Amino acid sequence: MIKDANRIVTVTDRRGRKLGIKRVANALTHFRLARLLGADAGNAAVMNQALMYTAVVSINGDPVPFPRTELQLEALIDRLDLDAWSLVSKVQRDEFSLGTAEEQVAEAKKLVRDDELRQRLGLVQSNVPYDVAFSLTPAQRLAYTVILGQLQGGRFDWSRMAWH
């Protein structure tokens, strides 16, 4: 698995560019994209496309840095185009055995609905350091989440375990 995570597959697209492609299925990539996309991370189609485009780590041997802003992500998408997206999807299926695009969307949907992940990412979005948010006990994580929500004017119903 580690070997696969670090492996870069080089393929040539229709425009003759040599694309270096890495495996997309890792927690850090999902986390970075969720922060970058914000509410749009809940849209499986948007998340899946972003995952595919950010799997490209080089073009013609030149490194492609991971986008840090939505504008950088859009520039990468524009630079690569839909042909590259299809090619990256094919590499993910054929070289990394990640299943079909539909299976990846299904997995992304599961992650998007994962309450524990949502709480942790919400804490990070509220400027709780990543290592703290991902090391809290379930009770601490819930307490932090409720307190931060209340500080933003929310009301939490403990009997329903849901926000009003």
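Glu116, Gln119, Arg120 and Leu123 in α6 meet Arg141, Leu142, Tyr144, Thr145 and Leu148 in α8, where contact means heavy atoms within 4.5 Å. By class, these residues divide into four nonpolar, two polar and three charged. Here Ala, Val, Leu, Ile, Met, Phe, Trp, Tyr, Cys and Pro count as nonpolar, Asp, Glu, Lys and Arg as charged, and the others, Gly among them, as polar.

This is a predicted model, in which local features need pLDDT of at least 70 and side-chain atom pairs count only at pLDDT 80 or more, while totals for chains, interfaces and linings use all residues. Residues are numbered from 1 along each chain as its sequence is written, and side-chain values use heavy atoms, with hydrogens and water left out.

The chain has eight helices and six strands. Helices (H or I, at least four residues) and strands (E, at least two) are DSSP runs, numbered from the N terminus. Along the sequence, their order is α-β-β-α-α-β-β-α-α-α-α-α-β-β. A box of roughly 60 × 30 × 25 Å, taken along the principal axes, holds the C-alpha atoms of the chain.

How do the helices pack? The table sets out the geometry. Axes are lines fitted to C-alpha atoms, for helices over the stretch in contact, and angles run from 0 to 180 degrees between N-to-C directions.

| Helix pair | Crossing angle | Axis distance |
|---|---|---|
| α6 and α8 | roughly 55° | within 10 Å |
| α2 and α3 | about 120° | 11 Å |
| α3 and α4 | about 90° | 7 Å |

Angles under 35 degrees count as roughly parallel, over 145 as roughly antiparallel, 65 to 115 as roughly perpendicular and the rest as oblique. α6 passes α8 in a left-handed crossing, whereas α2 passes α3 in a right-handed one. A crossing is left-handed if the near helix is turned anticlockwise from the far one by less than a right angle, and right-handed if clockwise.

On the α2 side, Thr29, His30, Leu33, Ala34 and Leu37 make the contact with Val46, Met47, Ala50, Leu51 and Thr54 of α3. This contact has seven nonpolar, three polar and no charged residues.

α3 and helix α4 (residues 70-96) pack at an angle of about 90°, which makes α3 roughly perpendicular to α4. The residues from α3 include Ala50, Tyr53 and Thr54, and those from α4 include Leu76, Leu80 and Trp85. This contact has 10 nonpolar, five polar and one charged residues.

Finally, the pocket. On a 1 Å grid over the protein atoms alone, a pocket is an open set of points where a 1.4 Å probe fits, with protein on both sides within 12 Å along at least five of seven lines; lining residues have an atom within 4 Å of a point. The largest pocket holds about 1100 Å³ of space, a volume being the space filled by probe spheres set on the points, which are joined across faces, edges and corners. Its lining has 36 residues, and Leu117, Arg118, Gln119, Leu121 and Gly122 lie nearest the centre. α6 gives the largest share of the lining, eight residues.
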